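Here are some friendly notes to read alongside the structure. Keep the 3D view open and find each residue as it comes up.

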Amino acid sequence: MQGTYTAFVGQRRLASGPAGEVALAVKRATQPLDQPVVIFDDGTGRSIDFDLRGDDREMLARLEKLAPPPTETEAPAEPRGRGRPKLGVVAREVTLLPRHWEWLNAQAGGASVALRKLVDEARRASGDKDRARQARDAAYHFMSTMAGDLPQFEEASRALFADDRRRFAGLIADWPTDIRDHIVKLAYSDRA
């Protein structure tokens, strides 16, 4: 879902896709729209504002800045004294107890290599769990904004966080189709 957006006009989905496509769809929608347009970042489920001023080229140029923030492995813009910025290695402070430093320094390759291995192992071990949590959180944020006043919202929220997919689907079955389908897409698309 990273890098995709979805626009809603009231309870109806207007467009979904990359920022530029969604912005153009919103801008070209039949004016005046009878209800407000809300655009959501599908990665977080949170609403986001697009600056739709100017012609299409100007608007799209501004939206290019919505690219995901640089990852930890990308070199920072400002020069650093330590680390290997050309390789994406950045020095940061880590606070540990003396026994932790002793153990890290005793590892093959030293503390930095041992820490990188530990982080990579933890990311592999909890990757699916982390993705499921992020998907659930995105679905909840969207759901809170678009369905917070719909029947059985609280029970549906509990079922979502309990990962009770069957109960969740039953509780939201009578909600507006586009809202319901988008919540399910955010919450479960990677675990179909």
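1. **A term to start with.** A polar contact is a pair of N or O atoms within 3.5 Å; within protein, one of the two must be able to donate a hydrogen and the other to accept it. Keep that in mind for point 6, and remember throughout that you are looking at a predicted model.

2. **The overall plan.** Begin by finding the seven helices and six strands of the protein. Along the sequence they follow the pattern β-β-α-β-β-α-β-β-α-α-α-α-α. Of the 192 residues, 28% count as buried. Among contacts with a separation of 6 or more, 54% are between residues 24 or more positions apart.

3. **The sheet.** Next, look for an open sheet of four strands, in the order E2-E1-E3-E4 and with antiparallel pairing. E2 and E4 are its edge strands, as each of them pairs on one side only. E1 is joined to E2 (residues 12–17) by five bridges in the antiparallel sense, and five bridges also join E1 to E3, again running antiparallel. In the hairpin of E1 and E2, two residues lie between the strands, and Gly 10 has a positive phi near 60°.

4. How many of the five residues of strand E1 are buried? The count is five of five, for residues 5–9. In a regular strand the side chains alternate between the two faces of the sheet. You can follow this here: Tyr 5, Ala 7 and Val 9 point one way, while Thr 6 and Phe 8 point the other way, and all are buried. Val 9 has Val 37 as its bridge partner in E3.

5. **Helices against the strands.** Helix H7 (residues 177–188) lies across E1 and E2, and runs at about 35° to E2. Helix H1 covers residues 19–28, and its buried residues are Ala 19, Gly 20, Val 22, Ala 23, Leu 24 and Val 26. What do the buried residues of H1 pack against? Their partners are E1, E2, E3 and helix H2 (56–63).

6. **A buried charge.** Turn now to Asp 42, in the loop between strand E3 (37–41) and strand E4 (47–48). Asp 42 is buried yet has no salt bridge. The nearest side chain of opposite charge belongs to Lys 185, 4.6 Å away. Asp 42 does have a polar contact of 3.0 Å, side chain to side chain, with Thr 6. Thr 6 is one of the buried E1 residues from point 4.

7. **Phe 168.** Is Phe 168 buried or exposed? Phe 168 has a relative accessible area of 1%, and buried means under 20%, so Phe 168 is buried. You will find Phe 168 in helix H6 (residues 165–172). Beyond neighbours within four places in sequence, Phe 168 is in contact with Met 143, Ala 156, Ala 159, Leu 160, Ile 183 and Tyr 188. For a distance to check yourself, Phe 168 and Ser 157 are 11 residues apart in sequence and 7.9 Å apart in space, C-alpha to C-alpha.

Conventions: Residues are numbered from 1 along each chain as its sequence is written. This is a predicted model: local features need pLDDT of at least 70, side-chain atom pairs count only at pLDDT 80 or more; totals for chains, interfaces and linings use all residues. Side-chain values use heavy atoms; hydrogens and water are left out. Buried means under 20% relative accessible area, exposed over 50%, partly exposed in between (1.4 Å probe, protein chains only). Lys and Arg count as positive and Asp and Glu as negative; His and the chain ends are not counted. A salt bridge is a side-chain nitrogen of Lys or Arg within 4 Å of a carboxyl oxygen of Asp or Glu. Two strands pair if DSSP finds at least two bridges between them. Contact means heavy atoms within 4.5 Å. Axes are lines fitted to C-alpha atoms, for helices over the stretch in contact, and angles run from 0 to 180 degrees between N-to-C directions.
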